[in-house]
Amino acid sequence: MTRVKITIDGNEAAAHVAYRVSEVIAIYPITPSSPMGELSDAWSATDVKNIWGTVPSVTEMQSEGGAAGAVHGALQTGALTTTFTASQGLFLMIPNMYKIAGELTPAVFHVSARSIAAAALSIFGDHSDVMSTRQTGFGLMCSGSVQEVMDLALITHAATLESRIPFVHFFDGFRTSHEVIKIEQLDDDDIRAMIDDKFVNEFKGRALTPDHPVLRGTAQNPDVYFQGRETVNKFYNACPSIVQAQMDKFAKLTGRKYKLFDYFGAPDAKRIVIMMGSGAETAEETVEYLTAQMEEKVGLIKVRLYRPFSIEHLLAALPKTVEKISVLDRTKEPGSIGEPLYLDVVTAITESMNSKNPHFNKMPVVVGGRYGLSSKEFTPTMVKAVFDNLKAVEPKNHFTIGIVDDVTNTNLQFDPNFVIERDDVVRCLFYGLGADGTVGANKNSIKIIGEETENFAQGYFVYDSKKSGSTTVSHLRFGKRPIRSTYLIQTARFVGCHQFNLLEKFDVLGNIVDGGTFLLNSPYSKNETWDKIPNKVQQQIIDKKLKLYVIDGYTVANNTGMGGRVNTIMQTCFFAISGILPKEEAIEQIKISIKKTYGIKGEDIVRKNYEAVDQTLENLFEINVPEKATSTIELPPIVSDKAPEYVKNVLSKIIAGEGDDVKVSEMPVDGTFPLSTTKWEKRNIALDVPEWDSEWCIQCGKCALVCPHAAIRIKVYDKENIKSAPQSFKHMDAKGKEFPDGYAYTIQVAVEDCTGCELCVEVCPAKNKKETRLKALNMVSQIPIREQEKINFDYFLELPEIDRRLVNTSLIKSNQLLEPLFEFSGACSGCGETPYVKLVSQLFGDRTIVANATGCSSIYGGNLPTTPWATNKDGRGPAWSNSLFEDNAEFGMGMRLSIDKQTQFAKELLAKLKDIIGSELVDAILTAEQKDEAGIYEQRERVTKLKSILEKNNSIDGKKLLEAADFLVKKSVWIIGGDGWAYDIGYGGLDHVLASGKNVNILVLDTEVYSNTGGQMSKATGMGAVAKFAAAGKPTAKKDLSMMAMNYGNVYVAKVAMGSNDAHTVRAFLEAEAYDGPSLIIAYSHCIAHGINISKGLEHQKLAVDSGYWPLFRYNPENTKEGKNPLKLDSKAPKIKLEDYIYRETRYKMLTKSHPKEAKELLTSAQEEVLKRWKLYEQMAIIDYSNNGNEKEEKAN
Amino acid sequence: MDLSTNYMGLKLKNPIVPSASPLSNNVDNVKKMEDAGAAAVVVYSLFEEQITHESGELDHYLAYGTESYAEAINYFPEQESFNLTPVQYLDHIANLKKAVDIPIIGSLNGVSSGGWVKYARNIEQAGADALELNIYYVAANPNLNSLEIEKTYVDVLKEVKKNVKIPVAMKLSPFFTSMSSIAKGLDEAGADALVLFNRFYQPDFDLEKLEVVPNLVLSTNWEMRLPLRWIAILYGNLKSSLGATSGIHTHEDVIKIMMAGGDVAMMASELLVNGIGRISEIIKGIERWMEENEYKSIDMMKGSMSQKKIAQPAAFERANYMKLLQSYKTIL
């Protein structure tokens, strides 16, 4: 039977099978597993049926814990159920996994295995998560390639039904889950053939039903619990053979043979490696090479069924000639004797050697090692190093491979020049920007090559950790033989650089082979281009004798209406130069794929792309490479010489893409990093930046307030300071009574840090009266002013900061003089969240501790290489930490409890030592109100004085107080996170913290979707909005979190939208912080996931408020003390229709195109809901509190 | 009493035709128009520019930010298909045809020559009884002279006529140096009707924000004078039917247009402000007036006050001020 060949990734391969054999799917998004759930949802939404002819029901839950609970319930009531997850998500499922396994319930969880968060979070792949489920009773099945994912997914589903043992089927996150490769697709007949309805019926027969009820889930006592646990043994004993039988059945069906432990290599191998996952593919490739080319007696065992672990099957796979074994684990268990697979193998072999019939004549040497944590590269040279280690008389044990561990010297050495890539596989590298569509084009190319030619094809894509101006590197391989290389391309025959300025940022030609082809997208003409290439790159081109092709893709894109997207153009160039397909055929295929990709968006888009293809070839030129490098352009340093040592020595390597070279000794032992590091990473990503025209400036401060990246700064300072200013440094007289005469005012743009979002220009209210298209801020090209403004910004930073006591914090024009202690983050250009975060840092940063939920804000706030939280000149600044996604409110509350305790202790000691310290100072400290900046300043002065007294005191109490003295200055705890956290996964904790009465400030950055994981619906999503898991529009209204919080009565609650009323936002932040109890601020945060022109984000906020969808208000329980209503509505009654707001956003508008009928109905309901809620708020706001409770008492009396 | 009229080959029971406006977005409204007595309806315009923009917007925002960041490869769920504006418009035409018996006239504003033809065909296939080409164009380009512009109008019409069988009307603006000449050119090119005149929304300034703002002003009664004059001048000189639009609010307005030589009187502002029910009041008004003034049919009055049939044909060609002076002299 001929099956369809498709090019897909591992996630799709798993979902393809899981969906077809399930009736219920309950999921929660988590990287890198989210696409499995999203695909299932998309199929369900378009009525794709399972093999029994019904459409599976796909439901997004509030957390993985919730998903696991729902899976458990669905299984118990007889629905074939699956879920998809990874990492922390899998952790949250563990309690239910014990239950599901304990009850012998067939199920398969598909897991794209990912690192777990320890000292740091990582989204990338290793086996730390699945290894944490070994003890649950779930079977563990591992796939090492995309084809295996599809095959073993099916085998696992078949085996679970027969064996009753539930399984985790896992594969490596990103390396397998996101690798696009050509595979053979299993069709519905294959799936039907493997799934035996007899076992399905038996499973359903055990289900809970009132028609023949049973009771499951009892509580047991010491007398029988133990025996009960032992009842399952026979099922576990039988399981490996059942799995093998299913594998054999599958082999008959498809020809692809699998064993529980598959052996590859010399039949008489002496040295072998045992491992599982994608790394085993590379190991197989290397074993092939070592046995064939170097005649080494080596071999490899790929572990497929890891639990239940079958010693019998392992031994059967092991050649008896084996003398030494290296077991590789892709996980880390600190404090253990060794990692789990190693321990299992040692135990298995020891048991055999202790038995009557030992498998080997002599006990082999078994060593264990760790590799590939967090998708660390695992290459053939590393495999060779592992084998070479076994040549030693006493091979190194408990080693690491792939890193330099210069602390405990665990690592094996490897030869970086040992490369086994052969020319029968074409290897191509492409450097591009996320925004230019490079990855999309390459995915398309892989599809064309994989599906339209006989070639095997593989694509893997490396993304940036920044969300703005992010770069991408695409790794494409194709050739006539199957591709097993599960590592990045080491030697490329073709390199495409789709953005000219990347030549300055990366060693783009570092991996190209001699005589290779280099395609460069250049904004210069074919004659100018050579001279514009940096000298070092010119030299590489000459030395490596490269063929150089150049295209001005930007001009072609502009001429054909493609804007900044050069994807189609560069793809056409690639096919034209590489000759993979005859040119005409390639162009035809590109056009077919354009039609497929863009057809549903309208003919004009297809036409533009066609035109781009047609115009490309006329503009593609081969350049004759001169003999000498003549360019005067030198590569800029990665970071400034002025940077601190740690930045220069370590972080700069990560910035340069050489983080793999960072040694263990260079990493902090406990995940602790210094602040203020983003300022050293000058990214220069904006083509246009704002320029200040002081003639029209009204000094309102709004530009600095809304800047998401703190790239526009304001200072007021004594004019004396500007005597030494650079010539082009701009200033004007400071306006306002609060500043003394002779003070100057400057707005300075950090042009190298600006992302060019234009929010500042949009918000600027000051028009140039002579030319109304201009304002006091105007976008200009960055390059011509870069050098000059670099100098000006450095000079600006040297100017003294404002004395915080002079600032009227409630006025924007005044509080924007406060130094931002959150700067230059990697957030999206125009981010709607970061202005709020930055405001916290300005108003309270020098005394703030931040608990940050996982999500966008933890990524732009804490992703290496550089981080945005910063210190002021006194070294003070926000102390920041991220615990988890689900526990952030509790994490922050713990911080509060700790601070309160230590403050209380300090106060107790203060009272105790009153005689020594002096009652005047003690009383002053104890009674200080610290209500404003002046109060804080004065308290700091007192504490300094106290410390100087205590330094001379040697008593135990004195020393203790010295330690705790800083707690006497007020500390502000901010609990920050997105709506996914606050409304969904963290809501239970949030609710508890609100109820606790503790003085914490909770800032919810509400983008109304899970932005960080790609726009999945949360309970904050508005009715009618399209999001993942709400493809037909969210049918229910946004959860009214603020109303729920107000119900407590003692919680300060504010709903703000900076773009609608910035003064209101500031007021709410100040009041929330001042309120001595829990405060909740819900902040409207526009987001690229809304499908809007981000430069108009503030306008969208205004529309949301004007429509009544997002009422602005403050609920301050303090007001009740004065007999006032605590709720103050700060925005007016709806003055525009809801549709005039929502249909400006793609998330809503697209529903009118994809589901017109539903859109209409949902709009009507959503409009009604808005008016209903407004009315409710309005009524709440007019309740008379003047007699607050007294009336009742009087009556009672 | 016979109110019927013939408009570009369509036999209409009376001359009242609601012109293209947001009212026709809704099938129920069009039903109400029919119930109130409207003889035909011109549906709101399909704008090619809007179609292109909509495609571009969808493509841009669905792709924006994608393939940039490992955790969020994209931001929206895949959709099987999008019911884009042309499809929605054509479905709407088809639905209207099902819902009412009166003729449905599609309206199209194109940009590219391919677009004009393609969408004209689509509208015909969707079942429209006729098509109005809504050439909404402000001639701001100094490098385009009047001849070139006029040629574009004629070329568009010819292309469309070549490709559709239903009658085609040209809705024109009054900003031509020689209205008679362009009218003749279009007539010769096969226009089945000329609709006079399109009103441009004139932008306004917001003095506080120093911004140019769109300002929708509904027509007022006096604006009817312009089509009235030109219909009177053109009547009898062309094969094309003549439709009047702009400023028609009352039954007297309709009667005047008929007397000038118009075949239909189109209205939108009146219905937007005072409701669709105005149609029946206006029809009653016409009937009453005809009865009082002893007109048996619309045909009887059609063109009776046109330039060809009035005592002083020059009245239509001179500026009003001159005419007044002359009348004064005559009295003397």
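Two residues count as in contact if their C-beta atoms, placed from the backbone, lie within 7 Å. With that cut-off in hand, select Ala928(A), which touches Gly935(A), Glu938(A), Gln939(A) and Arg942(A), leaving out residues up to four places away in sequence.

Some ground rules before moving on. This is a predicted model, where local features need pLDDT of at least 70, side-chain atom pairs count only at pLDDT 80 or more, and totals for chains, interfaces and linings use all residues. Residues are numbered from 1 along each chain as its sequence is written, while chains are lettered from A and ligands numbered from 1 in the order in which they are written.

**Stop 1: around Ala928(A)**

Ala928(A) sits in the loop between helix H32 (919-927) and helix H33 (933-950) of chain A. Helices (H or I, at least four residues) and strands (E, at least two) are DSSP runs, numbered from the N terminus. Buried or exposed, or in between: which is Ala928(A)? It is partly exposed, with 17 other C-beta atoms within 10 Å. On this scale, buried means 20 or more other C-beta atoms within 10 Å of the residue's own, exposed means 12 or fewer, and partly exposed is in between, again with C-beta atoms placed from the backbone. Now draw a distance from Ala928(A) to Leu968(A): the two are 40 residues apart in sequence and 9.4 Å apart in space, C-alpha to C-alpha.

**Stop 2: the domains of chain A**

Colour chain A by its domain assignment (bounds come from an automatic or database assignment). You get domain 1 (5-214 + 224-253), domain 2 (259-401), domain 3 (425-546 + 556-619), domain 4 (890-968) and domain 5 (1008-1181). The C-alpha centres of domain 3 and domain 5 of chain A lie 42 Å apart.

**Stop 3: a nine-stranded sheet**

Next, show the open sheet with strand order S1-S8-S17-S18-S16-S19-S20-S21-S22 (chain A), nine strands with mixed pairing. Two strands pair if DSSP finds at least two bridges between them. Strand S1 (5-8) and strand S22 (620-623) of chain A are the edges; each has a single partner strand, so one side of each lacks a neighbour in the sheet. Direction ignored, neighbouring strands here are turned by 20 degrees against each other on average. Zoom in on strand S20 (residues 512-521) and strand S21 (residues 547-551) of chain A: they run parallel, joined by five bridges. The bridge partner of Thr517(A) in S21(A) is Lys547(A).

**Stop 4: a three-stranded sheet**

Jump to the open sheet S24-S26-S25 (chain A), which has three strands and antiparallel pairing. Its edges are strand S24 (712-718) and strand S25 (732-733) of chain A; each has a single partner strand, so one side is left without a neighbour. Seven bridges join S24(A) to the antiparallel strand S26 (residues 743-749) of chain A, and Asp718(A) stands opposite Tyr743(A) in S26(A). Helix H26 (residues 782-798) of chain A packs on this sheet, touching S24 and S26 of chain A, at about 130 degrees to S26(A).

**Stop 5: covered helices**

Select helix H39 (residues 1097-1106) of chain A, where eight of the 10 residues are buried. Its buried residues pack against helix H24 (702-706), helix H25 (759-763), strand S35 (1079-1084) and helix H41 (1138-1142) of chain A. Just after H39(A), Gly1108(A) takes a positive phi of about 90 degrees.

Over in chain B, seven of the 10 residues of helix H7 (residues 225-234) are buried, so the helix is largely enclosed by the rest of the structure. Among them are Trp230(B) and Ile233(B). The cover includes helix H6 (179-188) and strand S8 (193-196) of chain B. H7(B) is followed by Gly236(B), with a positive phi near 90 degrees.

**Stop 6: where the chains meet**

Finally, show both chains: the contact takes 38 residues from chain A and 31 residues from chain B. On the chain A side, H42(A) gives the most, with four residues.

Key: Axes fitted to C-alpha atoms, helices over the stretch in contact; angles between N-to-C directions.
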